[in-house]
Structures are given as structure tokens and as C-alpha cells.
Amino acid sequence: MLVRDWMTPNPIVISPDTPVLEALKLLGAHHFRRLPIVKDHALIGMVTDKDLKDAMPSKATTLSVWELNYLLSKLTVDEVMASPVVTAFDHEFMEDAALRLQEHKIGGMPVLDKEGNLVGMITITDVLRAFTQIMGLQEGGERITIDVPDVPGSLNRAIEAIKPSNIISVATSGNQFQRRRFVIRVVGEASEAVRDRLTAAGILVYE
């Protein structure tokens, strides 16, 4: 699964001299939470709704309405943007992009192509959409969790026991005590009896 398959393509961008108020209105109108900032066709920064709101004067300010409006008209996004920007590439795997989001504790990032052109945005929401598809949640069926020795051939034993049902997704939660846990979703013929067949084959099945 590549980033290009899940990103939002052709994102709306703003220039560094865009007023903060205008950027906020743009976010509100399109229900976005972040905007990439481009200058001379190059990505130079990004602002989020929080960045923009934090730049607004406090409600406790003693400035007059006229003074506030004047200051806000002069405040541009280049004064509050994040730079440099954490980015993803459209040809990389979704799990690599997801790990970068996690490591940097951010909710989204711009996507570049091999030439460095901005081509999309990828967010936590996109990662969750990809995850639910990988897990086959929208296809129904039976969700089975098994625990097997972490040795060659263990998963194959489970696959043989699952037949004639059809496996549509397989995920693993990692190795612990030389054992590995798998989450498998199956559909089709005799899927309601998969747990019984796995148990009969000597495979530990979780309820």
C-alpha cells in the first residue's frame, strides 16, 4: 500500500504572505486542519489551525478593535508557520509514513513526488482508513486471533485448518516468548466453524 493510494491529492496551498485571518477562513471553509505553504513552486512550511489560533491576540488584550484589526491584517502565515516540514513521498509505503507521523507526533504531512513537487497530503485519518481496509473490516466475516510458536510452518498449519474458508486479511502483533499472535479475518464456506477447526488442529485460539 503506497502513500499515493491514500493521500488527498492536489492540496490547497497558500503563499507565505497570506494573512492569518484568511488562512483561518480557508481552513474553516474546507474543514481542513493544516495548510502547506508554497513559494516559487517549492514547499517552505506548513501551518495548522492551532498555529493560527495561537497567533491570535488574547481575549484579555487591552487593544482597541481598530488596533486589533490593523495588527491582524499585517500578521501573515510566514510568521507562525512550521519550517522545515516533515514530509512523505508518494511512492513510499503507508507504514513508513505512519511511523513518521508517530515519531514526530503530528497529525498530517505534505506528500512530495520524486522530483520534490507537492502532490498531496497524508493524515492520521488516511492511515486509519488504510488500516481498516487491511484488516478487512468492511468485508464482514469472522475475526480470529491465534497464538502459535514463532517458528517456520506454524502459520501454514493454521491456514490448512482454516480451509475451506477464505482468508482476506492477516496481521501479526509481534513476537513474545518465542510465540507470535496473528489476527485473521475469514469469509465464505464454513467460516462459522473456523475456531473449532483451529482448536482441533492444536492451535491456541482466543475468544
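**A first walk through the model**

Analyst: Start at Asp40, which is exposed, with a relative accessible area of 67%. Keep in mind that this is a predicted model.

User: Where does Asp40 lie?
Analyst: Asp40 is in the loop between β2 and β3 (42-48). Its phi is near 55°, a positive value in a residue other than glycine.

User: And His41, buried or exposed?
Analyst: His41 counts as exposed, at 77% relative accessibility. His41 is found in the loop between β2 and β3. Phi of His41 is positive too, near 70°, and this residue is not glycine either.

User: Let's zoom out. How many helices and strands does the protein have?
Analyst: There are seven helices and ten strands.

User: What radius of gyration does the protein have?
Analyst: The value is 24 Å, whereas a compact globule of 207 residues would have one near 17 Å. Along the principal axes, the C-alpha atoms fill a box of roughly 80 × 40 × 35 Å.

User: How much of it is buried?
Analyst: Of the 207 residues, 34% count as buried.

User: What about contacts across the sequence?
Analyst: Take contacts between residues at least 6 apart in sequence: 64% of them join residues at least 24 apart.

User: Now helix α5. Which of its residues are buried?
Analyst: In α5 (residues 124-134), they are Asp126, Val127 and Ala130. Seen down the axis of α5, these buried residues fall within an arc of 100°, so they line one face of the helix.

User: What does the face turned away from that side carry?
Analyst: That face of α5 carries the exposed residues Thr125 and Leu128.

User: What covers the buried residues of α5?
Analyst: The cover includes β1 (8-9), α4 (94-104) and β6 (118-123).

User: And just after α5?
Analyst: Gly136 comes there, with a positive phi of about 70°.

User: How do the lining residues of the largest pocket divide?
Analyst: Seven are nonpolar, six polar and three charged.

User: What volume does the second largest pocket have?
Analyst: Its volume is about 180 Å³. The lining is made of Met1, Met94, Glu95, Ala98, Val127, Ala130, Phe131, Ile134 and Met135. Here α4 and α5 are the elements that give two or more residues.

User: Last topic: where are cis peptide bonds found?
Analyst: One joins Ser83 and Pro84, with omega of about 0°. Pro84 lies in the loop between α3 (65-74) and β4 (88-89). The peptide bond from Lys163 to Pro164 is also cis, with omega near 10°.

User: Which loop holds Pro164?
Analyst: The loop between α6 (154-162) and β8 (166-176).

Definitions and conventions
Residues are numbered from 1 along each chain as its sequence is written. This is a predicted model: local features need pLDDT of at least 70, side-chain atom pairs count only at pLDDT 80 or more; totals for chains, interfaces and linings use all residues. Side-chain values use heavy atoms; hydrogens and water are left out. Buried means under 20% relative accessible area, exposed over 50%, partly exposed in between (1.4 Å probe, protein chains only). Helices (H or I, at least four residues) and strands (E, at least two) are DSSP runs, numbered from the N terminus. The arc is that of the directions from the helix axis to the C-beta atoms. Contact means heavy atoms within 4.5 Å. Ala, Val, Leu, Ile, Met, Phe, Trp, Tyr, Cys and Pro count as nonpolar, Asp, Glu, Lys and Arg as charged, and the others, Gly among them, as polar. On a 1 Å grid over the protein atoms alone, a cavity is a set of points where a 1.4 Å probe fits but cannot get out, and a pocket is an open set with protein on both sides within 12 Å along at least five of seven lines; lining residues have an atom within 4 Å of a point. Grid points are joined across faces, edges and corners, and a volume is the space filled by probe spheres set on the points. The radius of gyration is taken over C-alpha atoms; the globule rule is 2.2 Å times the number of residues to the power 0.38.
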